[in-house]
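Try each task yourself before you read its solution.

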Amino acid sequence: MSSALTAAAAGFGTGLSLIVAIGAQNAFVLRQGVRRDAVLAVVGICALSDAVLITLGVGGVGAVVVAWPGALRAIGIVGGAFLLCYGALAARRVLRPEPAGLSTEGEAAGSRRRAVLTCLAMTWLNPHVYLDTVFLLGSLAADRGPLRWTFGLGAAFASLCWFAALGFGARLLGRFLARPGAWRVLDCLVALTMLALGAALVAGP
């Protein structure tokens with residue numbers, strides 16, 4: 001039992017250390033959390049996607065993917081272009097802020113669909129997600145032998161805890177964002193993050 005708990009704790013700590021790093025996905029979840037827009041769906045997509053990728057990594061899929069070295073490069077180009085477009089939209093919001101709130105149920109539904117689709121793209125078109133979950137966590141889990149799935153479970157739980165805390169905890173910033181210009185500061189940070197990561201992905205190694 002103690003060995004299993006140790007493996008799960010190691011997986012949790014390793015997974016958390018990889019996920020907490022500032023990135024496009026975290027910036028998006030933070031913004032959705034602050035807006036209180038489709039937070040549950042966004043958190044669920046991020047956590048479930050990580051769980052699927054970690055499962056693939058622990059199962060040894062990473063070794064298979066290495067056989068197609070151009071796959072991650074192609075994902076990097078497409079994902080980089082997507083992040084550049086999203087960053088440009090965030091930069092546009094800095095110059096032309098969106099009106100606060102959503103006026104109709106139709107607009108709210110459209111916003112939820114956009115949030116879900118954006119979250120899916122930002123998660124599955126980011127090659128760094130594959131490197132962290134499928135390759136790195138998969139390799140570390142393999143070292144645990146028969147406890148590799150326990151290690152993976154700990155890493156997946158870390159992902160769920162982090163995204164839930166980030167998405168639902170972001171509403172605590174509501175008072176700060178009630179100040180004039182605060183949304184511009186947030187969108188400026190999002191734009192800089194997306195544009196920098198997008199340019200790096202398109203440029204490649």
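A salt bridge is a side-chain nitrogen of Lys or Arg within 4 Å of a carboxyl oxygen of Asp or Glu. Keep that in mind for the first exercise, and remember that you are looking at a predicted model.

**Exercise 1. Find how many salt bridges the whole structure holds, and describe the residues involved.**

Step 1. A search of the whole structure gives 1 salt bridge.

Step 2. The partners are arginine 35 and aspartate 37, whose side chains meet at 3.6 Å, N to O.

Step 3. Aspartate 37 has a relative accessible area of 8%, so it is buried. Arginine 35, at 29%, is partly exposed.

Step 4. As background, side chains of opposite charge can pair when their charged atoms come close.

**Exercise 2. Describe the overall make-up of the protein chain.**

Step 1. Count the elements: there are 10 helices and 0 strands. Read from the N terminus, the order is α-α-α-α-α-α-α-α-α-α.

Step 2. Turn to burial. Of the 205 residues in the chain, 40% are buried.

Step 3. Consider the surface, which has an accessible area of about 10,900 Å². Carbon and sulfur atoms account for 71% of that area.

Step 4. Finally, take the contacts between residues at least 6 apart in sequence: 89% of them join residues at least 24 apart.

**Exercise 3. Decide whether helix α2 is largely enclosed or largely open, and check its span.**

Step 1. Helix α2 covers residues 24-35, which makes 12 residues.

Step 2. From first C-alpha to last, α2 reaches 17 Å, close to the expected 16 Å.

Step 3. Of its 12 residues, 10 are buried, so α2 is largely enclosed by the rest of the structure. Among these buried residues are Phe28, Arg31 and Val34.

**Exercise 4. Identify which residues have the most contacts inside the largest nonpolar core.**

Step 1. This core has 26 residues, and those with the most contacts inside it are Phe28, Val42, Met122, Val190 and Met194.

Step 2. The elements giving two or more residues to this core are α2, α3, α5, α6, α8 and α10.

Step 3. Zoom in on valine 190. Leaving aside residues up to four places away in sequence, it touches Ala27, Arg31, Tyr86 and Ala90.

Step 4. A second, separate core has 8 residues, including Ile54, Ala141, Phe151 and Ala156.

**Exercise 5. Compare arginine 36 and alanine 38 in the loop between α2 and α3.**

Step 1. Arginine 36 has a positive phi of about 55 degrees although it is not a glycine. Alanine 38 also takes a positive phi of about 55 degrees.

Step 2. Check their accessibility: arginine 36 is exposed at 55%, whereas alanine 38 is buried at 15%.

**Exercise 6. Locate the nonpolar patch on the surface.**

Step 1. The patch is formed by Leu48, Val52, Leu56 and Val61, with about 300 Å² of accessible area together.

Step 2. Helix α3, residues 39-58, supplies the largest share, 3 residues.

Step 3. Leucine 56 sits in this helix, and its relative accessible area of 35% makes it partly exposed.

Definitions and conventions: Residues are numbered from 1 along each chain as its sequence is written. This is a predicted model: local features need pLDDT of at least 70, side-chain atom pairs count only at pLDDT 80 or more; totals for chains, interfaces and linings use all residues. Side-chain values use heavy atoms; hydrogens and water are left out. Helices (H or I, at least four residues) and strands (E, at least two) are DSSP runs, numbered from the N terminus. Buried means under 20% relative accessible area, exposed over 50%, partly exposed in between (1.4 Å probe, protein chains only). Contact means heavy atoms within 4.5 Å. Accessible areas come from the Shrake-Rupley method with a 1.4 Å probe; for residues, only the protein chains shown count as cover. Patches are made of residues with over 30% relative accessible area and no salt bridge: like charges are joined within 9 Å, nonpolar side chains (Val, Leu, Ile, Met, Phe, Trp, Tyr) within 5 Å. The expected span of a helix is 1.5 Å times one less than its number of residues. A nonpolar core is a set of buried Ala, Val, Leu, Ile, Met, Phe, Trp, Tyr and Cys residues joined through side-chain atoms within 4.5 Å.
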